[in-house]
Amino acid sequence: MRFSAFTAAPVPWKNGGGVTRELAVQKENGRQVWRLSLADITRDGAFSAFPGLARIHCIVEGPGHVLSNAETRLEASLLEPLTFDGNLALDCRLRGGACKAFNVIYDPELVAAQARVLRDGKLPEVTGSQVFFVVSGSLDLSEQGRYGPGEGQATDGATSGAVSGGGAVIHVWFQPV
């Protein structure tokens with residue numbers, strides 16, 4: 001499934017504190033397995049909680065922010081994926097201005113998820129479902145085509161291709177639990 005941040009309509013956050021663009025959703029028997037979104041974070045405030053789910057959060061533009069509560073402090077920095085419990089009640093404090101974040105919200109009872117940022121070169125060999133989101137440069141996925149910044153692909157099974165042009169691509173892969 002190909003997706004683009006340029007065609008996804010902005011919708012309010014669950015807590016009303018900002019907007020996000022839903023990029024793709026995977027459901028199984030009517031239950032959400034995972035959801036991809038690109039959020040605009042323009043001010044300090046409460047971060048939406050997603051009880052029973054887990055999150056991967058990766059800053060793709062801007063100086064980042066700090067997510068915290070009395071027991072937890074998470075530093076969200078450019079192109080450094082964070083994985084955390086979606087149930088956490090966290091406050092967000094921007095570090096020097098607005099930012100954008102690529103988010104994966106997934107059901108840990110159905111899948112385990114991992115994320116990393118790929119740079120120029122051949123894609124790694126991974127089994128299971130995968131998602132690629134281009135932050136910069138380009139991504140060539142052989143049979144699926146070429147992708148530029150703000151575009152991506154969700155696919156099942158092994159995928160061949162390469163990142164080029166000084167690129168940074170967020171790669172998420174899912175394994176059934």
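Residues are numbered from 1 along each chain as its sequence is written, and side-chain values use heavy atoms, with hydrogens and water left out. Because the model is predicted, local features need pLDDT of at least 70 and side-chain atom pairs count only at pLDDT 80 or more, whereas totals for chains, interfaces and linings use all residues.

Strands of a sheet pair through backbone hydrogen bonds, either parallel or antiparallel. Strands here are DSSP runs (E, at least two residues; helices are runs of H or I, at least four), numbered from the N terminus, and two strands are said to pair if DSSP finds at least two bridges between them. Strand β14, which spans residues 129-140, pairs in the antiparallel sense with β16 (residues 151-156) over five bridges, and within this pairing Phe132 stands opposite Gln153.

Elsewhere, four strands form an open, antiparallel sheet in the order β5-β10-β7-β8. Strands β5 (45-47) and β8 (73-76) stand at its edges with a single partner strand each, so one side of each is left without a neighbour in the sheet. The twist from one strand to the next averages 30°, where axes are lines fitted to C-alpha atoms (for helices over the stretch in contact) and angles run from 0 to 180 degrees between N-to-C directions. Three bridges hold the antiparallel pairing of β5 with β10 (residues 90-94), and Gly45 stands opposite Cys92 in β10.

Burial was assigned from relative accessible area (buried under 20%, exposed over 50%, partly exposed in between, with a 1.4 Å probe and protein chains only). Cys58, placed in strand β6 (residues 54-61), is buried, with a relative accessible area of 1%. Although Cys58 and Glu80 are 22 residues apart in sequence, their C-alpha atoms are 5.9 Å apart in space. Contact means heavy atoms within 4.5 Å, and, not counting residues up to four places away in sequence, those touched by Cys58 include Leu79, Glu80, Lys100 and Phe102. Thr20, in strand β3 (residues 19-28), counts as buried at 6% relative accessibility.

Three aromatic pairs were found in a search of the whole structure; rings of Phe, Tyr and Trp (its six-membered ring) pair if their centres lie within 6.5 Å, and planes under 30 degrees apart count as stacked, over 60 as edge-to-face and the rest as tilted. The rings of Phe3 and Phe133 have centres 6.4 Å apart and planes at 5°, so this pair is stacked. Phe3 lies in β1 (residues 2-4) and Phe133 in β14, so the pair ties together parts that are 130 residues apart in sequence. Phe3 is buried at 4% relative accessible area, and Phe133 is buried at 2%. The rings of Trp34 and Phe174 are likewise stacked, because their centres are 5.3 Å apart and their planes at 5°. This pair links Trp34 in β4 (residues 31-41) with Phe174 in β17, 140 residues apart. Phe3, Phe102 and Phe133 form one aromatic cluster.
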